[in-house]
Amino acid sequence: MCGIVGLYLKDPELRGKLGAFFGPMLAEMTDRGPDSAGFAVYRDGASSDAGETGGGETGAAKASLYDPDERFDWAALAQAMGDDLGTRIAWDRVASHAVLRGAVRAKAMRDWLTANRPEVRVMSTGTSLEIYKEIGLPADVMARFGVPQMTGTHMIGHTRMATESAVTTEGAHPFNTGEDLCLVHNGSLSNHESLKRMLRREGLVFQTENDSEVAAGYLAWRLSQGASLTEALEAGLKDFDGFYTFTVGTREGFAVIRDPIACKPAVMAETDRWVAMASEFRALARLPGVEDARVWEPKPATIYSWGTA
Amino acid sequence: MNTIDLETTDLRRANRLLQGRAREGGAERTFTVTNPRGAHALAAGLDRAIDVTIQGHVGYYCAGMNQKASVTIEGNAGVGVAENMMSGTVRVTGDASQSAGATAHGGLLVIEGNAASRCGISMKGVDIVVRGSVGHNSAFMAQAGHLVICGDADDGLGDSIYETVIFLRGAAKGLGADCEEKEITADDRKILAALLQRAGLTDQDPGAFRRYGSARRLYNFKIDNLGAY
């Protein structure tokens, strides 16, 4: 199974309540995926809900990092990174995760981490994206990361019922597919091993045995070859063998695509103030004004996108 | 009339009330259900002649296994509405998700909007009338009953069909294996007119439909066994 949800707030007045709207959507999908949960939030600047913070606002780039030790010394890591990159790196601790910010390119942060601290998991890099994920019931995971207080433009999330690989934090979704891009997946891919071999030959590195990470890697590879997101997804329709409903988060919004047989469910709804998707309608049933929303089921093998996704 | 508010009533209790298995309310014959909010398996397993109106969108398997009851969903229905229905009527005023009326043996399912993929999959005698269009692989392995589509059908209509009769007003993107257009007779049109009448779609002209069914090349059909269908 697995449940996926996405919410984009068009109305700036609602953006202060992004987490408050999103949290109940993801919690409603607990039945579909009780073993782990994760979400991506798109927002500019610092995390207002951080537990501990080192230095104020800085810079255009962000990296979401994970270490199972909740007392991990992020201050030392930020200091070392800043020294090497020649700029101050601010950091916020959010439970087992941390968000680093600096006036550098996101790629410089990722490259520095790969070279100097390979044991630290990089959940995402970009300018507005932050990814948080953990093992446990979705409500518990969201409470740990302070979802109800989160603000921003959009979030996508996933509740996992593992089928293809182990229940681990790294195996939870979303998967970062490039700067400010991420993927959540409901379904299973049957050709992920052969795709993974091909992508490894192209130089991609995988952290887990998860089939969805392969899909994320595939999209990242297509994008690195110069494809637009729409072109990458269209190519995926030919190359992915299996069942899938994907939701892809971008800096400006999100995109939804289902496989040509459309085995995995998806429902979408839109009003003047927001657009949302979920595996099941019940996840959307408490959004403001949903009674007057346009509600529809996305067609198979068709890309739906908002913003410049 | 009995109103069941799912905001304040547990789903299991709501279904027991509808099924006449709760201590109170057994004599009621008309129910309104409010705030369904996409709940699954709502009004499933009804087996008495009652009228149920559900005000809002429902989740999976609504009115599944229905017998005798008349259930109206004022909104959209999730996967498998009226699956395995035996008798009675289920009406969806909005759209239905995939596998509407799956394996249903009898009764009437009316979808006033569109139905998604696999509408009427493995249907075994139900009559399904869709005012809008249906998704791919509708009437897949359909064995008996009628599927009336006032709009269009997506690819693979009637794939591996047995003896269900399909009436299609619009166009099929593609027919599935062993499904073919059949001659439509005056008797067929009478059956179709009666189905449209029962569904309340009296604005649809029975003369505008075409009939599709099994070419009987895929399954081991013997004319001597015709009476068995």
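In chain B of this predicted model, the mean positions of the 24 positive and 26 negative charges lie 4 Å apart. Lys and Arg count as positive and Asp and Glu as negative, with His and the chain ends not counted; each charge is placed at NZ of Lys, CZ of Arg, CG of Asp or CD of Glu. In chain A, 2 Å separates the mean positions of 32 positive and 42 negative charges.

Residues are numbered from 1 along each chain as its sequence is written, and chains are lettered from A and ligands numbered from 1 in the order in which they are written. Because the model is predicted, local features need pLDDT of at least 70 and side-chain atom pairs count only at pLDDT 80 or more, while totals for chains, interfaces and linings use all residues; side-chain values use heavy atoms, with hydrogens and water left out.

**Chain B**

- Chain B holds two helices and eleven strands (DSSP runs numbered from the N terminus: H or I of at least four residues for helices, E of at least two for strands).
- Read from the N terminus, its elements follow the order β-α-β-β-β-β-β-β-β-β-β-α-β.
- Chain B is as compact as a globular protein of its length, because its radius of gyration of 18 Å is close to the 17 Å that the globule rule gives for 229 residues (taken over C-alpha atoms; the rule is 2.2 Å times the number of residues to the power 0.38).
- The C-alpha trace spans about 55 × 35 × 25 Å along the principal axes.
- Of the 229 residues, 54% count as buried (under 20% relative accessible area; exposed is over 50%, partly exposed in between, with a 1.4 Å probe and protein chains only).
- Contacts (heavy atoms within 4.5 Å) between residues at least 6 apart in sequence join residues at least 24 apart in 25% of cases in chain B.
- Its accessible surface is about 9,500 Å², with 46% belonging to carbon and sulfur atoms (Shrake-Rupley method, 1.4 Å probe; for residues, only the protein chains shown count as cover).

**Chain A**

- Chain A has seven helices and 17 strands.
- The C-alpha atoms fill a box of roughly 50 × 45 × 35 Å along the principal axes.
- Buried residues account for 60% of the 309 residues.
- Among chain A contacts between residues at least 6 apart in sequence, 71% link residues at least 24 apart.
- About 11,600 Å² of chain A is accessible surface, and carbon and sulfur atoms hold 50% of that.

- The buried residues of H1(A) include Leu18(A), Phe21(A), Phe22(A), Met25(A) and Leu26(A).
- The buried residues of H1(A) pack against strands S1 (3-9), S2, S9 (154-160) and S15 (274-278) and helix H4 (138-145) of chain A.
- Asp31(A) sits in the loop between helix H1 (18-28) and strand S2 (36-42), and it counts as exposed because its relative accessibility is 54%.
- Beyond its neighbours within four places in sequence, Asp31(A) contacts Met1(A), Met161(A) and Arg282(A).
- Asp31(A) and Met161(A) are 130 residues apart in sequence, with 9.0 Å between their C-alpha atoms.

**Where the chains meet**

- 13 residues of chain B are in contact with 16 residues of chain A.
- The two chains bury about 1,100 Å² between them, 45% of it from carbon and sulfur atoms (accessible area, 1.4 Å probe, that two parts lose on being put together, summed over both).
- On the chain B side, Arg37(B), His57(B) and Tyr60(B) lose the most area to chain A, together 38% of what that side buries.
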